[in-house]
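I hope it is handy to have beside the viewer.

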Amino acid sequence: AEPMPCPPDSTELGASTWTFLHTMAAYYPEKPTPEDRQAMTSFIGALGRFYPCWYCASHFRDFTKANPPDLGSNLALSRWFCVAHNEVNERLGKPAFDCSRVLERWRTGRKECFE
Ligand code: FAD
């Protein structure tokens, strides 16, 4: 039988998690209800508590404390996650992403993305 794939390391887990987080933020409501905001606040708190890379989670908690999540709309939340991701990019010596294009990257794309 084929050997089982290895569990993800923090790099692989990170790329998959950012895909999920940016996509989730892109599809968060344009006009969130108070319950939507509360649920997202809980989600972000749980992410900082349970994200299974302890030093990543610790940095994320520090970031969230210094930069309270902007829960006002899908665009606002997408920008917030973009800044959070850029903080990690900077720490790792990776280029910053242009957050004015975050929905283009994670939601609207270009024509050929949907063909
Ligand atoms: P990733 O950084 O995973 O990016 C994936 C794709 O997202 C890119 O190809 C690009 O198209 C897009 N993208 C890039 N930047 C942005 C942005 N700012 N906004 C929107 N889209 C963007 N690793 C560590 O070594 N130390 C840490 O402390 C650490 N903390 C992390 C905290 C969290 C919450 C998460 C989810 C991950 C963390 N990681 C950390 C992992 C790290 O961020 C990367 O995911 C990992 O290094 C793999 O990088 P990558 O080059 O595959 O691309």
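1. Let's start with helix H4, whose buried residues are Leu-77, Ser-78, Trp-80, Phe-81, Cys-82 and His-85. Buried here means that 20 or more other C-beta atoms lie within 10 Å of the residue's own; 12 or fewer makes a residue exposed, anything in between is partly exposed, and C-beta atoms are placed from the backbone. Helices are DSSP runs of H or I with at least four residues, strands are E runs of at least two, and both are numbered from the N terminus. The buried residues of H4 pack against H1 and H5.

2. A word on the source: this is a predicted model, in which local features need pLDDT of at least 70 and side-chain atom pairs count only at pLDDT 80 or more, while totals for chains, interfaces and linings use all residues. Residues are numbered from 1 along each chain as its sequence is written.

3. Overall, the chain has 5 helices and 0 strands, giving the pattern α-α-α-α-α along the sequence. Its C-alpha atoms fill a box of roughly 50 × 40 × 30 Å along the principal axes. Of the 115 residues, 11% are buried. Taking contacts (C-beta atoms within 7 Å, placed from the backbone) between residues at least 6 apart in sequence, 57% join residues at least 24 apart.

4. UniProt, in an unreviewed entry, places the feature "domain: ERV/ALR sulfhydryl oxidase" at residues 6-106. Its positions follow the numbering used here, feature names are shortened, and annotations may be inferred rather than shown by experiment. Over residues 6-106 the chain is 69% helix and 0% strand, with the end C-alpha atoms 27 Å apart.

5. The largest nonpolar core has 9 residues: Leu-21, Ala-25, Tyr-28, Leu-77, Trp-80, Phe-81, Cys-82, Val-102 and Trp-106. Such a core is a set of buried Ala, Val, Leu, Ile, Met, Phe, Trp, Tyr and Cys residues joined through C-beta atoms within 7 Å. H1, H4 and H5 each supply at least two of its residues, and H4 has the largest share, with 4. Beyond its neighbours within four places in sequence, Trp-106 is in contact with His-22, Thr-23, Ala-26 and Ser-78.

6. Back to H4: its 18 residues reach 26 Å from first C-alpha to last, close to the 26 Å expected at 1.5 Å a residue, where the expected span is 1.5 Å times one less than the number of residues. H4 is followed by Gly-93, whose phi is positive, near 75°.

7. Lastly, two contrasting positions. Glu-87 lies in H4 and is partly exposed, because 17 other C-beta atoms lie within 10 Å. Ala-66, in helix H3, counts as exposed because it has 8 C-beta neighbours inside 10 Å.

Notes: Contact = placed C-beta atoms within 7 Å.
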